[in-house]
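Q: Could you help me learn to read a protein model, one feature at a time?
A: Gladly, let us look together.

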Amino acid sequence: MIVVQYLRSIFFIVQMYVMLAVFAVGGLPYALIGGRRAAIHVCRGYCKWVCWSAGWAVGLKTEVRGPIPKGDVLIAAKHQSFLDILMIYAAIPRGKFIMKKELVWTPFVGWYAYLIGCIPVDRGKRGAAIKAMLAQAKNARFAGGQLVIFAQGTRVAAGAKKPYKIGAGALYTDLGLTCVPAATNVGVFWPRHGILRKPGVAIVEFLPEIEPGLQIGDYMKKIEAEIETASDRLMAEAGFKVA
């Protein structure tokens, strides 16, 4: 049975990347002519395709819980695998990400990241990277929509603990935006590394809003407690033993 699931996983991964090229190349004229709104439509279409195809290809259903953020907000999210990126983006209407600078040069991904207004960050420069990130976040080209930052700065395996990065707090205090924390259990089914995709229900849950005005230290403690507690609950719901 496990062999069959591996074969299904390989098929799913191959078609996922084939369809990435199809969406990216086929949608490029539309995105270039229609601007950011059109590029968002192409990206959301691809994200929905992957979520849908995961259901029939490997038995992995997706579910989004909580009120969908629709205004100009900051989303501080848990990040366990590529799937939570896709699920979040498929759900929100005008999303954009704080992303690694290296991804700008990735075929297809880099093109659309630029068009939808993602903000590249050189994570190796720390303090300088935060200053540059804040400056870009205020630039008119990046204005409006839902700005997503992965609060731990990287993918974290299901059940693993990693500190929350100050970048999420800097954006919250500097931009004065309402924050929507987001929890997930996707790493239980779609791990950071490896081929196997397991059947089940992958969930992203948008948690209650945090209004502007908290001190940065209080904010960081709050998002970590809320996101980790909710993610542990979702992973336990999926049958994962949380330490």
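Q: Which residues gather in a patch of positive charge on the surface?
A: Lys 100, Arg 155, Lys 162, Lys 165 and Arg 192 make up this patch. In such a patch, residues have over 30% relative accessible area and no salt bridge, and like charges are joined within 9 Å. This is a predicted model, where local features need pLDDT of at least 70, side-chain atom pairs count only at pLDDT 80 or more, and totals for chains, interfaces and linings use all residues. Residues are numbered from 1 along each chain as its sequence is written, and side-chain values use heavy atoms, leaving out hydrogens and water.

Q: Is Arg 155 buried or exposed, or in between?
A: Buried means under 20% relative accessible area, exposed over 50%, and partly exposed in between (1.4 Å probe, protein chains only). Arg 155 has 31% relative accessibility, so it counts as partly exposed.

Q: And what about Ser 53, buried or exposed?
A: Ser 53 is buried, because its relative accessibility is 0%. Leaving aside neighbours within four places in sequence, Ser 53 is in contact (heavy atoms within 4.5 Å) with Phe 12, Gln 15 and Val 58.

Q: How many salt bridges are there?
A: A salt bridge is a side-chain nitrogen of Lys or Arg within 4 Å of a carboxyl oxygen of Asp or Glu. By this rule there are seven. One of them pairs Arg 65 with Glu 237, with the closest N and O atoms 2.6 Å apart. This pair links distant parts of the chain, 172 residues apart.

Q: Which residues are linked in a network of salt bridges?
A: Lys 78, Lys 161, Glu 228 and Asp 232 are linked that way.

How values were computed. Patches are made of residues with over 30% relative accessible area and no salt bridge: like charges are joined within 9 Å, nonpolar side chains (Val, Leu, Ile, Met, Phe, Trp, Tyr) within 5 Å. Accessible areas come from the Shrake-Rupley method with a 1.4 Å probe; for residues, only the protein chains shown count as cover. Lys and Arg count as positive and Asp and Glu as negative; His and the chain ends are not counted. The place of a charge is taken as NZ of Lys, CZ of Arg, CG of Asp or CD of Glu. Helices (H or I, at least four residues) and strands (E, at least two) are DSSP runs, numbered from the N terminus.
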